Amino acid sequence: MHPVDLLLVLTSGNQILLALRENTGYADGQWNLPSGKLEPGEDALTGMIRETREEIGLHLLPADLRLAATVHHRNPTGTTRIGLVFATPLDPPRHGTPVNAEPHKCGGIAWFAPTDLPPDTVPYTAACIKAFQNATPLLLNGFPPHPS
């Protein structure tokens, strides 16, 4: 069984919002997209809306979200997971303003150009942003290349 991750590429102009992980036990001190895991019985849109509200305080509707990519990720130890990458442009009058809604797990939020991510960006996040930028519907990340 693969965990299903929900990741949000929130854009404002030519920038993407990232969150600094802290006190989570995974990738602490690294920048990550607002994200979380799909809960049992939950559909992907509901899960992404929930995670967005929990992590950055925005109020999205299903119509706000566009599935931008699917990333099948394998970490260096061989553990795999599936990431559904959703995208939406920030519309403050409708969505609100992003805030660090989980200061016990997040050291802060900041905007970055997708072409100039911080060097301490989680590799999985960097792969999701690359898939978003290149409009790649399915990205295999951490797997050996397939023969042509």
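Colleague: Before we discuss strands, when do two of them count as a pair?

Modeller: Two strands pair if DSSP finds at least two bridges between them. Please note also that this is a predicted model.

Colleague: In which sense do β5 and β8 pair, and over how many bridges?

Modeller: Strand β5, residues 66-74, pairs with β8 in the parallel sense, and 4 bridges link the two.

Colleague: Which residue stands opposite Leu-140 in β8?

Modeller: That residue is His-72.

Colleague: Which residues of β8 are on its covered face, and which on the uncovered one?

Modeller: Strand β8 runs over residues 138-141. Leu-139 and Asn-141 make up the covered face, while Leu-138 and Leu-140 form the uncovered face.

Colleague: Changing topic: how many disulfides does the structure hold?

Modeller: The number of disulfides is 0. Cys-106 takes part in none, and its nearest cysteine sulfur, belonging to Cys-128, is 17 Å away.

Colleague: Where does Cys-128 figure in the nonpolar core?

Modeller: Cys-128 is among the residues with the most contacts inside the largest nonpolar core, together with Leu-18, Leu-33, Val-71 and Val-85. That core has 21 residues. At least two residues each come from β1, β2, β5, β6 (80-89) and α3. The largest share, 5 residues, is supplied by α3.

Colleague: And the largest pocket: what is its volume?

Modeller: The volume of the largest pocket is about 720 Å³.

Colleague: How many residues line it, and which lie nearest its centre?

Modeller: The lining has 31 residues, and those nearest the centre of the pocket are Arg-21, Tyr-26, Asn-32, Ser-35 and Lys-37.

Colleague: Which helices and strands supply at least two residues of that lining?

Modeller: The strands are β1 (4-12), β2 (15-21) and β4 (35-37), and the helices are α1 (44-56) and α3 (123-133). Helix α1 gives the most, with 4 residues.

Colleague: What is the lining like by class?

Modeller: The lining of the largest pocket comprises 13 nonpolar, 9 polar and 9 charged residues.

How values were computed:
Residues numbered from 1 in each chain as written. Predicted model: local features only at pLDDT ≥ 70, side-chain atom pairs only at ≥ 80, totals over all residues. Heavy atoms only, no water. Disulfide = S-S within 2.5 Å. 1 Å grid on protein atoms, 1.4 Å probe; cavity = no way out; pocket = protein on both sides within 12 Å on 5 of 7 lines; lining within 4 Å. Points joined across faces, edges and corners; volume = space filled by probe spheres on them. Nonpolar A, V, L, I, M, F, W, Y, C, P; charged D, E, K, R; others polar. Buried < 20%, exposed > 50% of the residue type's maximum accessible area, 1.4 Å probe, protein only. Core = buried A, V, L, I, M, F, W, Y, C linked by side-chain atoms within 4.5 Å.
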